[in-house]
Amino acid sequence: MGNNTIKDILLFTGFLFFQWFIGSRLLLFEQAACFAYAGYWILLGHRRPIDTLLTGFLMGVLMDWHYETNGIHTAATTLLAFIQPQALRLLASSSGNETESIERLSPQLTGTLPFLAYALLLLFIHHLVLFMLEGAGSELSWWFILLRAAASTFFTATVVYLFGRMAASKTG
């Protein structure tokens, strides 16, 4: 097992346990939820697409098990894992880096604004899918779902940004 694999496993389990024991209890203004586990793919650098997809599926299944939901986290997280490599290529090309050279993302590596733009894009897609599936078949308005997804995206992005700053300061 390589050094990156061990770091990836530690990052995965760290986000998993943070979400289970802390993140699931964080609720801002009774609407904005913190789904910090999605931060795993924000901080993850270039990996084989199949590895990214499998970890997305696994994390989603574990979140559905924890929250006792029927696949909404699995669907949202697998989609997030699917689009992460494309978003990473976009981020790398805008910063002049090669995608393959990015082993782990951090605000220090890419700069704060590009990191936040990347994180907000991925997190908003994840949260929008999550809340659309959660609200399917209910009387919730689209505006309420959009507002909740946006508020949760900003809340989660703040937590992930802080994780990224801390992780980079520990390794760098």
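Aspartate 51 is partly exposed, with a relative accessible area of 31% (buried is under 20%, exposed over 50%, partly exposed in between; 1.4 Å probe, protein chains only). This is a predicted model: local features need pLDDT of at least 70, side-chain atom pairs count only at pLDDT 80 or more, and totals for chains, interfaces and linings use all residues. Residues are numbered from 1 along each chain as its sequence is written, and side-chain values use heavy atoms, with hydrogens and water left out.

**Salt bridges**

- The whole structure holds three salt bridges (a side-chain nitrogen of Lys or Arg within 4 Å of a carboxyl oxygen of Asp or Glu).
- Aspartate 51 pairs with arginine 48, with the closest N and O atoms 2.9 Å apart. Arginine 48 is exposed, at 53% relative accessible area.
- Aspartate 8 pairs with arginine 47, and here the closest N and O atoms are 2.6 Å apart. Aspartate 8 lies in helix H1 and arginine 47 in the loop between helix H2 (39-43) and H3, so the pair ties together parts 39 residues apart in sequence. Helices are DSSP runs (H or I, at least four residues), numbered from the N terminus. Both aspartate 8 and arginine 47 are buried.
- Arginine 148 and glutamate 134 meet at 3.0 Å, N to O. Their bridge links helix H7 (residues 142-171) to helix H6 (residues 112-135), across 14 residues. Glutamate 134 is partly exposed, at 44%.

**Second largest pocket**

- The second largest pocket contains about 220 Å³ of space. A pocket is an open set of points on a 1 Å grid over the protein atoms alone, where a 1.4 Å probe fits, with protein on both sides within 12 Å along at least five of seven lines; lining residues have an atom within 4 Å of a point. Its volume is the space filled by probe spheres set on the points, which are joined across faces, edges and corners.
- Its lining has 13 residues, with Asp8, Tyr40, Asp51, Thr52 and Thr55 nearest the centre.
- Helix H1 (3-21) and helix H3 (49-67) each give two or more lining residues. H3 supplies the largest share, five.

**Threonine 52**

- Threonine 52 sits in helix H3. This residue is buried, at 1% relative accessibility.
- Its contacts (heavy atoms within 4.5 Å) are Trp41, Leu44, Arg47, Ala81 and Gln84, not counting residues up to four places away in sequence.

**Glutamate 68**

- Glutamate 68 has a positive phi of about 55° and is not a glycine. Most residues other than glycine have a negative phi.
- Glutamate 68 lies in the loop between H3 and helix H4 (72-95). Its relative accessible area is 73%, so glutamate 68 is exposed.
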